[in-house]
Number of protein chains: 2
Amino acid sequence: MKTLDWNASHYLINGKPGFMVSGEIHYFRVPKTEWERRLKLFQDAGGNTVATYVPWILHERSEGDVRFGDESYRDLEGFLTLCKKLGLFVVVRPGPYQYSEMLFDGLPGWLCQDYPEILARDVKGDVFRKSSVSYLHPLFLEKVRIWYRRVCPLIAKHTLSRGGAVAFVQFDNELMGVHDWFGSWDYHPVTMGFGQEGGRFPRFLEQRYSGIETLNDSWGAELSGFLEARPLVGKPTTTGERRRTKDYQDFYFGTVAEYAEILVEWMREDGIDSDIVHNSANPYMNSYFLELTDRLQAKGIRFILGSDHYYNLGQDWDQNNPTPKYAAKCFYSNEMLRLMGMPATIFELPGGSPSDWPPVAPEDLLCSYMLNIALGMKGSNYYIFTGGPNPENIGCFDDIYDFQASVAANGALRPTYQSLKTFGTFLQENAWLAEADQVADFQLGLVWEYSRSKAYFDQCSDLGFSGEETWTFFQKGVMMSALCASHSPSLVQVDRETNPIPTNKPLFVALSVALSEHGQRRLVDFVERGGRLIIAPVVPSFDENLEPCTILADFLGSPTFAKNRAGFARLNVGPVKNVLINGDLFLTEVLPEGAVAFAEDEHSGQIGGWRMKRGQGEVLWLGLSWKHAMLTHSTMITWLLHEAGASNKAVDCDNPCVWTTLRSTGERAMLFAMNLFSSPMNVTISVGSHGFVLPAQSVRLAPMEVRTFEISAP
Amino acid sequence: MKTLDWNASHYLINGKPGFMVSGEIHYFRVPKTEWERRLKLFQDAGGNTVATYVPWILHERSEGDVRFGDESYRDLEGFLTLCKKLGLFVVVRPGPYQYSEMLFDGLPGWLCQDYPEILARDVKGDVFRKSSVSYLHPLFLEKVRIWYRRVCPLIAKHTLSRGGAVAFVQFDNELMGVHDWFGSWDYHPVTMGFGQEGGRFPRFLEQRYSGIETLNDSWGAELSGFLEARPLVGKPTTTGERRRTKDYQDFYFGTVAEYAEILVEWMREDGIDSDIVHNSANPYMNSYFLELTDRLQAKGIRFILGSDHYYNLGQDWDQNNPTPKYAAKCFYSNEMLRLMGMPATIFELPGGSPSDWPPVAPEDLLCSYMLNIALGMKGSNYYIFTGGPNPENIGCFDDIYDFQASVAANGALRPTYQSLKTFGTFLQENAWLAEADQVADFQLGLVWEYSRSKAYFDQCSDLGFSGEETWTFFQKGVMMSALCASHSPSLVQVDRETNPIPTNKPLFVALSVALSEHGQRRLVDFVERGGRLIIAPVVPSFDENLEPCTILADFLGSPTFAKNRAGFARLNVGPVKNVLINGDLFLTEVLPEGAVAFAEDEHSGQIGGWRMKRGQGEVLWLGLSWKHAMLTHSTMITWLLHEAGASNKAVDCDNPCVWTTLRSTGERAMLFAMNLFSSPMNVTISVGSHGFVLPAQSVRLAPMEVRTFEISAP
């Protein structure tokens, strides 16, 4: 029996480590007469898995009239059987939502039009979109149950365990997108139970606060009971309002988790025993799925959260092609997924674009694939591999769903087909890479909460450096400077996980004024055990709920500092003179006990960085946040990491515009060098540490070229 | 005597048509011992003009102590003399503002710190930045007068008329940037004279409205006199508030014009007889200078407004390299400058970037130069050609002002130097191109007011399709679709100018619900005289001040239409089926007298486009606004233009990703083909109309390549 399995690191194809190479092929768009030819084209391009939506809008045209197999474009089972025959695994996505450029996002029109009470509401109680529903609305769930009752048993007949092709099943699609992009979180009063005895929101608050006095203290409110509690209307401006908004966000993410759990339970009830998957629509949303992942894992569900990594879907996107900004996003996204204990999977890797223009060029596409592999991707799904005509009245704008795909809607091969084939061949020839990990020379702290703090903690001159500012600094400052300086960071969780942080490499953490008690204890523990910690630009004085928490500060001797509000400053960090200050600068006149200064503002004479031994380890504090712009930034980060005891760089590279990464199984390694600019780049690269040696190579990389160098251990 | 002259179309170098090729070289940064070598390097790269700031901050370190020539970095005259000796023209920019990454933007620190009363205020009366001044504040003007009294006579000694090198003098720098980017327009109560008898703002209103009742009617206010009038705080939401905000904006632009006129008068008083120049910081600001240009021209000042065309200045910019979006911006910017009666001049064409990263690559840089020439640039200034160390306490972040320039701060040549040289050689060998005009196959209407309507007319469900929405549609819809469809538009002014619009080519105008009476009359006149006019998506019912004005609507038989608010529509335009509707769609059930429908929504059966003969001409109305995304958009615009009688395309090109333009003197022509993507592009191009023939050429363009083909008239 063929198997598609996985562990925390990678996929196992028929028991052997390898990459899941999936392609989205819709049985309802590709004409049935073409199915086999297209599937074989996909296999020729190195594919081993197929993904497809099962559109509710198509199979239940009018309420109660659910059809499968009556028309060839509704022949789901025929498609699954053919995939099985060809030896392809299948990822099935039966909704309720599909998106996929369908009317009503793939929900039946009758559902949205005849039952407007199920539509999501904004904080003022207004509907904001005709096909954005409130996931947990009882009537919506009732209708979904009926749909699932019909579609799930069909899928269940084809799972791997029953000798079928279905390896994974996805509930819904890009959850929260229909709320986030078109209005706000959902505030449906019935679903959320505002003011209702036993309602979800009052229950959530009761669990979080126990007594109403605690909530009143936290929110700065004077409620007589939880039933009176309502989410804040408008942007929060006080600490109490920030907590209130965060509470609602945490609650909302919890409701999405509850919804997911219900869908999965129904799948199980109807016989689907496959592993379950879901796709975050964008790296910035990955952390919105923490509650959901915890909840499914707690239920013993084998679950893979993936993400979608597009670089251009139309004229309004910033970039037309893969760029360093795109790569940085892919890097932290893949790392997040890895840290969640899953093989990093990109359930929508660009196979094309819904727009005919800007173009999807073969070189750009291959570049996006290779850079994702270089940065940790272990499984992927081309969205889409091939399309075809939309059955009547499902497409939201075009009769032909072409998507600039590598195999056009009419079946013709596009030049991009060769990109898929080149990539597929690379993965087949280098299946060993599936087991390879990144060789890192330092650890970069991931504070999950910062990546979801925009709504409640974006800027706050009252409290200090915010979570959202820190998230920006993490991405555009520390990470960019490190990558441009040819460092190789690996991400490590600060505010989740219980395993101690390894102390063999230094740890750089961008910190806001808020970090959970757990996170603060983990950092203290890391240093106590001998870790060398670099923090910037502030030391937290609150926990993640913005309640006072000074565990780390206490450990550091309660350091003080203040934001520099003088017109200008001139900062020297160690030997690095006049570092560009294009973020916030925090300075102090007082060194904490046992600290030694290493950074100073020449103008004021104040201290902008100090270091101190603590426990078996050491802490370096730098009072600067920045956006990578100048050579001084990379020089500074290299100096800081060196001072914190970073061993040799994993890779040496003399061009800050060529990013590199080394992936290794311990026995074999592969060096990736990426030119993510539109001009050729000259670079000299070498590897001479961590057990691998590649003598200096001077190469010229074409625009969008990702060059690989295989290295064996000596 | 060497001369640098100009007319409405191009520059004249020593009497002959040619390009002004200027490079920014700061005598105060480049060491004096290096001046001559660097200037010669610039001449070797094809340069004929040098531009330099004269920083007030450097020459008047403490108040009253104005110095020239005491240190080599203050030796302005030595520099001008050397330029003259080498045969280089000079553009001198004595401020008051410089920017140029200087402390206080180049103003003396004592000025900003000792006289805080001169600082600009936001609408609430608060200072928003330590070096953003209120231009017309009497105390600021007094200090500027003293500075000008010292610096202008020095410059005057070196003007062309006196045998010197100074061809042009610039007042201030990127006017309004210090307000717009850091806060808002300036609302300084003293400068603006709110509530003051004879104050500027009450005087402006009195001039505009004559009586207070008229103002009250317009604003929906109940003021007893003009002295009570104040600008609106916050975003306008009613029509009256929109008018009030627009009044303030018009007034503010007028104050900037008054400031410019004062500076120019002082230059003249102190003997500077050169022509005057200024640079708009960005194409989106070009139209903010209409009042200023009118005012200087009315005074008989020979004045050139230029613009700045950067594609990347740091990590936060959308693109790393020239892209179609950048080219579209350059195109409308160059066209705007041409329409103002000046040779299109880019006073800051990228010579580098203030950031070390992202990189300024040689291929990208050359591409940006060539595409600007292709799109109408006639003169330019590399910002910067070469830098050097900042004299102490003038640089706002770096000791060395390097800017990734083609000649590094230390004097070494970078690979980008070759790009400048290649470009300089091209311009020298093709000086005839200076006289060439674009060969256009249709006219695209420019409504200046739309490009400055953001603050008062961005979205307005009450009134209908707004000015700002129209400006977006103009750029991202009509222009993009036309360029992708291989059409060649030239811009024509709708709401300014008095010459009738030529009727030999069709005119496409994107219209909001507001257009000045003058503009409406011009369109009617165009059609009366036989012009063929395409308008979309609405017909105006207001003038530019949002007062009722239905001249065009009356001419068209008072057409009615309403925004489609159904969930979906399916629009067929002529033979083009199911055009993607990604903007607003306006539909009607009633055809105006004499109109014939050509577009229909299949779902509702309503009409989305009609045509009618009027006078000697014809009008086609399409009820759609869009952003270019699909082939249907280009096909539709081609069909519309064909129906409106467009003759053959200037250029035929089979790849929508390769943009082309043909520039001709009537006797010679040059075809430019541009690949503004990071992947190579294959394309077949031919020219077979407008008197020029180039047989079909199949070429492969490298990323960032601009290929030229010279064609002689048969």
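I began with A:Asp584, which forms a salt bridge with A:Lys563, the closest N and O atoms being 3.4 Å apart. The two lie 21 residues apart, A:Asp584 in the loop between β21 and β22 of chain A and A:Lys563 in strand β19. I looked up accessibility next: A:Asp584 is buried at 17%, because the limit for buried is under 20% relative accessible area. A:Lys563 is partly exposed at 33%. I note that the model is predicted.

I then searched the whole structure and found 98 salt bridges over all chains. One is between A:Glu261 and A:Lys299, at 3.2 Å from N to O. This pair joins helix α10 of chain A to the loop between α11 and β9, 38 residues apart. A:Glu261 counts as buried, with 10% relative accessibility.

In chain B I checked B:Arg338 and B:Glu335, whose closest N and O atoms are 2.9 Å apart in a salt bridge. Both sit in helix α12 of chain B, three residues apart, about one turn of the helix. B:Glu335 is buried at 6%, whereas B:Arg338 is partly exposed at 35%.

Back to helix α10 of chain A. Helix α9 packs against α10 at about 120°, with the axes 7 Å apart. I log α9(A) as oblique to α10(A) for that reason. The contact includes A:Trp219 of α9(A) and A:Asp247 of α10(A). A:Asp247 also belongs to a salt-bridge network whose members include A:Arg208, A:Lys246 and A:Glu449.

I looked up A:Thr245 in the α10 helix of chain A. A:Thr245 is buried at 16%, and its contacts include A:Leu232 and A:Tyr456.

Methods:
Residues numbered from 1 in each chain as written. Chains lettered and ligands numbered in written order. Predicted model: local features only at pLDDT ≥ 70, side-chain atom pairs only at ≥ 80, totals over all residues. Heavy atoms only, no water. Axes fitted to C-alpha atoms, helices over the stretch in contact; angles between N-to-C directions. Helix = DSSP H or I, 4+ residues; strand = E, 2+ residues; numbered from the N terminus. Parallel < 35°, antiparallel > 145°, perpendicular 65-115°, else oblique. Contact = heavy atoms within 4.5 Å. Buried < 20%, exposed > 50% of the residue type's maximum accessible area, 1.4 Å probe, protein only. Salt bridge = Lys/Arg side-chain N within 4 Å of Asp/Glu carboxyl O. Lists of a residue's contacts leave out its neighbours within four places in sequence.
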